[in-house]
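Student: Please take me through this model one feature at a time. For each, I would like the general idea and then the case at hand.

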Amino acid sequence: MKPSETFIEQKLEERRAADSYRTLKPDNALIDFCSNDYLGFASSAELKNKTGREVNNSGLIANGSTGSRLLSGNSNYIENLEQYIAGLHKAEAGLIFNSGYDANLGLFSSLPQRGDTVIIDELAHASIIDGARLSYANRYTFRHNDLQSLEDKLKHAKSNIYVAIESVYSMDGDTPPIDAILELTEKYNASLIVDEAHAVGLFGFGLVNTPQLQNRVFARLVTFGKALGCHGAIVLGSNLLREYLVNFARSFIYTTAAPFHQAASVKMAYGLLQASAKEIELLKNNISCFKQKINNHADYLLIDSNSAIQCIVLNSNEKAKSVAAALQEAGLDVRPILSPTVPTGSERIRICLHSFNTEKQIALLTSTINNLINAG
């Protein structure tokens, strides 16, 4: 065995020994309590048909974009779409990336410079952390949603300061005190960047999309692969920021642009979102129904969340895997979230609620969870 293969096998064995080995799972016929398709757009026949008509009406015959946006992959359509989306979010400009990971990677690796400071909530998404690691800036984390911890870091920050948070955290489903965080960043002349990936949909165009916040936040990231049911992402901010990212964000510059069909689907999804008051209300009711029916348990914490993401902390990989397996056996698609994805001791099951889940399905889910947890 080659040294490189020996290394790979050793690392995989470490994962197996820690009960955190990951495998890919095929499609299944289970009831969906797992996906980020909060409003059902990913399987929407209406969205599919609207996208098809948009593609056909364009007159374009293009299976691929043929190159990066700086070469042959740009179009008036994509630039108009960026301006359209920015307008809906009350931002000056936006730049579309091929994925949320690419967007955060490009933003956080190119913007902070040597001597600058990036301060990140400890539970922020891996793409934010990875982007900051690629910069030459000083990097710090603060305790989750802890204003005192954040201020302690801000007091010692140098040069240009960037603070990164999510408006709905992907593994906890909770929401930070954005107003209070903004007061701190303004006090220390820092720029706040907010990832809105899991807020858009349930909270309309996002939690930052208010007159009190939108002009005070330096940049926002919105993904299209959650409630919008498509793929890709956009960084929203000023025209100056957009121009900077076009010139310096390597994950934008050095990749083939997404095909036209993807852009058309995103445009149609935004149109559908504006007509989805009924679906949003159904989702809110389902969240309330779940929280009413699930039992509190002294040993297993239901994280406080008003979002579509509801998590029960089970304290070990073994317990999280066994509860998830039992739920799947009952026909419910719920997945375990294992360390090191979350810190050791906070392993959990992550439940995603949707507008299309029925009250009967939620009753089955909650009663099954209650029985499993009460049985120990």
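**Helix pairs**

Tutor: Helices H3 and H10 are roughly parallel to each other (angles under 35 degrees count as roughly parallel, over 145 as roughly antiparallel, 65 to 115 as roughly perpendicular and the rest as oblique). Helices (H or I, at least four residues) and strands (E, at least two) are DSSP runs numbered from the N terminus. This is a predicted model, in which local features need pLDDT of at least 70 and side-chain atom pairs count only at pLDDT 80 or more, while totals for chains, interfaces and linings use all residues. Residues are numbered from 1 along each chain as its sequence is written, and side-chain values use heavy atoms, with hydrogens and water left out.

Student: How is such a pair described, and at roughly what angle do the axes of H3 and H10 cross?

Tutor: Two packed helices are described by the angle between their axes and the distance between the axes. Axes are lines fitted to C-alpha atoms, for helices over the stretch in contact, and angles run from 0 to 180 degrees between N-to-C directions. H10 spans residues 260-273, and its axis crosses that of H3 at roughly 25°, coming within 11 Å. The crossing is left-handed (the near helix is turned anticlockwise from the far one by less than a right angle; right-handed if clockwise).

Student: How far apart are the axes of helix H11 and helix H13?

Tutor: The axes of H11 (residues 277-293) and H13 (residues 359-374) lie 9 Å apart, and the packing angle is about 30°. That angle makes H11 roughly parallel to H13. The crossing of H11 past H13 is right-handed. H11 also contains serine 288, whose C-alpha atom is separated by 9.8 Å from that of alanine 308, 20 residues apart along the chain.

**Accessibility and backbone**

Student: Is serine 288 buried or exposed, or in between?

Tutor: Buried means under 20% relative accessible area, exposed over 50%, and partly exposed in between (1.4 Å probe, protein chains only). Serine 288, at 33% relative accessibility, counts as partly exposed.

Student: Next, the backbone. Which residue has a positive phi of about 80° although it is not a glycine?

Tutor: Most residues other than glycine have a negative phi, and most peptide bonds are trans. Threonine 66 has the positive phi of about 80°. It sits in the loop between helix H2 (45-58) and helix H3 (76-88), and threonine 66 is exposed, with a relative accessible area of 67%. The loop between helix H7 (178-187) and strand E6 (191-195) holds asparagine 189, which is exposed at 70% relative accessible area.

Student: Which residues does a cis peptide bond join?

Tutor: Serine 339 and proline 340 are joined by a cis peptide bond, with omega about 15°. Proline 340 belongs to the loop between strand E11 (335-337) and strand E12 (348-352).

**Charges and surface**

Student: How many salt bridges does a search of the whole structure find?

Tutor: A salt bridge is a side-chain nitrogen of Lys or Arg within 4 Å of a carboxyl oxygen of Asp or Glu. The search finds 13 of them. One of them pairs lysine 321 with aspartate 19 at 2.9 Å, N to O. Lysine 321 lies in helix H12 (residues 317-329) and aspartate 19 in the loop between H1 and E1, so this pair ties together parts 302 residues apart in sequence. Lysine 321 is partly exposed at 29% relative accessibility, as is aspartate 19 at 27%.

Student: With which side chain does aspartate 333 meet in a salt bridge?

Tutor: Its partner is arginine 335, at 2.7 Å, N to O. Aspartate 333 counts as buried at 8% relative accessibility, whereas arginine 335 is partly exposed at 25%.

Student: Which residues make a nonpolar surface patch?

Tutor: Patches are made of residues with over 30% relative accessible area and no salt bridge; like charges are joined within 9 Å, nonpolar side chains (Val, Leu, Ile, Met, Phe, Trp, Tyr) within 5 Å. Accessible areas come from the Shrake-Rupley method with a 1.4 Å probe; for residues, only the protein chains shown count as cover. Here Phe7, Ile8, Leu12 and Tyr21 make a nonpolar patch of about 370 Å². Tyrosine 21 is in the loop between helix H1 (3-17) and strand E1 (31-32), and tyrosine 21 is partly exposed, with a relative accessible area of 35%.
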